[in-house]
Amino acid sequence: TKLDPNYFAGKVGIGTTGPQKTLHLYCSNTTQGATLRIDNPSTTNNSCAGIEFVNSSTGTPRSAIMSQRVNSAYDAELVFYTSPDDTLRERLRIDHDGNVGISTSAPGQKLTVAGNISAHGALSATGAGDNYFAGNVGIGTADPPQELSVKGEITTLNSSGIQVVTMQRSSDHGQLVINQSGGVTRVCLNSNGDSYFNGGSV
């Protein structure tokens, strides 16, 4: 029911006579279906076009998604905002090169995070480039005292996947075990107890 030029009571359907939500766009197409276009023809840098979300009685948006022009080459970046109060704050940006920044507006890599990262699950990195960490790295511990701290064993495998060198704990004492290529132990150095060499002359 149309009450005035700027208001519709009930759901609005575009391309459908049975809208399921407040605004429902429908277009059946094998290449590009229903598409919402938001246009800002301004050529000014940092000009935006986007969507603001209001879920309070104050009428103040608490989150938004904006497409932002960043330079004279018409490069656009997609920016996500949220707010703990009445001021929108940038949280995530996808720049015009496809880099993603979290808590930074200038991501220099495919993913750049300004702040801490917590992961529950596996982490893998592949590629020929170097990898680096600033600060101490802990494996099995959240409080590494050295540049690399491992709570557990460190093992070197040969080309056949057999353990040839292992640094480990024995009743919480340090132990170094060296095996030959078939996995038979030739050297065992214990920090508390007997040590032995079983591989020939020393």
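The model is a predicted one, in which local features need pLDDT of at least 70 and side-chain atom pairs count only at pLDDT 80 or more, while totals for chains, interfaces and linings use all residues. Residues are numbered from 1 along each chain as its sequence is written, and side-chain values use heavy atoms, with hydrogens and water left out.

Asparagine 99 is buried, at a relative accessible area of 10%, where buried means under 20% with a 1.4 Å probe and protein chains only. Next, select what surrounds it: leaving aside residues up to four places away in sequence, Asparagine 99 touches Arg93, Ile94, Pro107, Gly108, Gln109 and Lys110, a contact being heavy atoms within 4.5 Å.

A pocket is an open set of points on a 1 Å grid over the protein atoms alone, where a 1.4 Å probe fits and protein lies on both sides within 12 Å along at least five of seven lines, and lining residues have an atom within 4 Å of a point. Colour strand E10 (111-113) and strand E11 (137-139), the elements that give two or more residues to this lining. By class, the lining of the largest pocket has 13 nonpolar, 12 polar and two charged residues, with Asp, Glu, Lys and Arg counted as charged and Gly among the polar ones.

The second largest pocket, with about 220 Å³ of space, is the next selection; 15 residues line it, and Asn40, Ser42, Ser67, Arg69 and Ala76 are the closest to its centre. Strand E5 (48-53) and strand E6 (63-69) each supply at least two residues of this lining, and E6 provides the largest share, three residues.

Finally, zoom out to the whole chain, which has zero helices and 17 strands. Its radius of gyration, taken over C-alpha atoms, is 30 Å, well over the 17 Å that the globule rule (2.2 Å times the number of residues to the power 0.38) gives for 202 residues, so the chain is more spread out than a compact globule. Along the principal axes, the C-alpha atoms fill a box of roughly 100 × 40 × 40 Å.

Terms used
Helices (H or I, at least four residues) and strands (E, at least two) are DSSP runs, numbered from the N terminus. Grid points are joined across faces, edges and corners, and a volume is the space filled by probe spheres set on the points. Buried means under 20% relative accessible area, exposed over 50%, partly exposed in between (1.4 Å probe, protein chains only).
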